[in-house]
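Subject: Structure for you to look at

Hello,

Here is the structure I promised to pass on. Please open it beside this email and follow along.

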Amino acid sequence: MPKRIEKLFHRIQLLHLTKGLSDENARALRVNASFQFIMFMLPTILLPVIFFTEPEETHFTSLITYVLLIVPLGYSRYLLYKGSYAVSACFALLASNLHIGALTYFQADDPAPLGFLLFSIIPFLMITRKNMILRWFFVSLSSILFLVSQFYYRVMGGEGLYGPPKWVVPADYLMPPLILVVIFFIILINQFVKAVNRAEDKLNAEHQKSESLLLNILPIEVARELKQNGVSKPKHFPSATVCFTDFEGFTKIAETLSPSELVEELDRCFSYFDSLMERHNLEKLKTIGDSYMFVGGIPKPNKTHAVDTVLAALEIQAFMNQMKEIKEGQGLPYWQLRLGIHSGELIAGVIGDKKFAYDVWSDTVNTASRCESSGETGKINISASTYELVKDFFHCEYRGEVPAKHKGKIKMYFVEGLLPGLHREGHPKVPNQEFVNRYKSL
């Protein structure tokens, strides 16, 4: 189809108004817009023909019926732009039924009543399931008007404004097949629309599942870029904070657990870690065995990434200490955790073209890993660069220059908790309002 014709169809159907709508609502809007256009164009094209071919006494009534159709259709179009889709459909259907009713009354042998038959089907496409009463009202109205017009003229021989019909037949000959035709069309279209709605509901449900799975793998901004462009370009972040966690003695304790118990225990820990990510505006990147990695300051850069990361680390530390107390009380083996944090620049992006993975690269990642491996069990070990970003919020103990594999000596600190005056009384690990105020000023 040529682009110009395609653009014309899009304008007629008001396609630009369907953005953000569900499939059902978008379809109802398009059908309504197309119906309005057709009901405007048909009488507009026929009006000159009527004035040249019909008797003069019919001209005035034809003009009146035309005006009574066009004005409500124009208002119906206006309502679509205002977002009142159901009310718009009501005005379009009422105006169209009134127009056909007027033509039926004027001319006994006019084919206009066939329009009622069409209008008994259109509501299934113009009115959504949300407005089921309105839908069936217009289906019933058009069906009844069609049958009544046929009975009045073809059976009773009633006269129109400009004379009686040319042919009349017995009721038992005409009405049963007409009623069956109407019922057949209504049932057929109703079942068709139901099937379409069921298919769309299933499709939407599957789409939501795939969207949810994609967002569990990729950040929402990256997922959106990937869907729109097919690729997601790696981005440079001048400042971000990386945290690694690792369970101490994992291998030894894992030997005492069955595979299902091991996975269940890991899932309990990692699920809690996951719950902290959104709350502290962090991005979980991956788990490798018993290691958990997350980053602050990506994919949206911010100035609070180091504080956010340390806050999450403190909550992870508190959770693991609580788990330790419970396990000790039950005489069960328990895991303890090391946490290492480092801040610096990095590059983040999607790698792979089949199984997507959002990952980060730079020396910052390697240094964060060394901070974890150079830490102590149950402690949060941070580098000097992270310390400079969080020293106004947390009490940290300087460890000195600690040797790190392939890194030489790195200045490191243990995070002991919140600074005095920045935590709630009696709750040394819960930030108070002063902490929040200082946080907002970053």
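Arg 4 sits in helix α1, which covers residues 3–12. Helices (H or I, at least four residues) and strands (E, at least two) are DSSP runs, numbered from the N terminus. Arg 4 counts as exposed because its relative accessibility is 77%. The cut-offs are these: buried is under 20% relative accessible area, exposed is over 50%, and partly exposed is in between (1.4 Å probe, protein chains only). The areas come from the Shrake-Rupley method.

A word on the source: this is a predicted model, where local features need pLDDT of at least 70 and side-chain atom pairs count only at pLDDT 80 or more, while totals for chains, interfaces and linings use all residues. Residues are numbered from 1 along each chain as its sequence is written, and side-chain values use heavy atoms, with hydrogens and water left out.

Back to Arg 4. Together with Lys 3, Lys 7 and Arg 11, Arg 4 forms a positive surface patch. Patch residues have over 30% relative accessible area and no salt bridge; like charges are joined within 9 Å, and nonpolar side chains (Val, Leu, Ile, Met, Phe, Trp, Tyr) within 5 Å. Lys and Arg count as positive, Asp and Glu as negative; His and the chain ends are not counted. A charge is placed at NZ of Lys, CZ of Arg, CG of Asp or CD of Glu.

Next, the aromatic rings. The whole structure has 23 aromatic pairs. Rings of Phe, Tyr and Trp (its six-membered ring) pair if their centres lie within 6.5 Å; planes under 30 degrees apart are stacked, over 60 edge-to-face, and the rest tilted. One of the pairs is Tyr 75 with Phe 91, edge-to-face, at 4.9 Å centre to centre and 75° between the planes. This pair links distant parts of the chain: Tyr 75 is in helix α3 (residues 59–82) and Phe 91 in helix α4 (residues 85–106), 16 residues apart. Tyr 75 is partly exposed at 39%. Phe 91 is also partly exposed, at 32%.

Phe 106 and Tyr 162 make a tilted pair, with 6.2 Å between centres and 55° between planes. Phe 106 is in helix α4, and Tyr 162 is in the loop between α7 (132–155) and α8 (171–217), 56 residues apart. Phe 106 is buried at 14%. Tyr 162 is partly exposed at 28%. There is also an aromatic cluster; its members include Phe 247, Tyr 272 and Trp 335.

Now the charges. Side chains of opposite charge can pair when their charged atoms come close. The structure holds 17 salt bridges. Each is a side-chain nitrogen of Lys or Arg within 4 Å of a carboxyl oxygen of Asp or Glu.

Which residue does Arg 338 bridge to? The partner is Asp 246, with the closest N and O atoms 3.3 Å apart. Arg 338 lies in strand β4 (residues 336–351) and Asp 246 in strand β1 (residues 235–248), so the bridge ties together parts 92 residues apart in sequence. Arg 338 is buried at 13%. Asp 246 is buried at 16%.

Lys 284 is in strand β2 (residues 282–288) and Asp 274 in helix α11 (residues 259–279).

Best wishes

Conventions. Areas by Shrake-Rupley, 256 points an atom, 1.4 Å probe, with all protein chains shown as cover.
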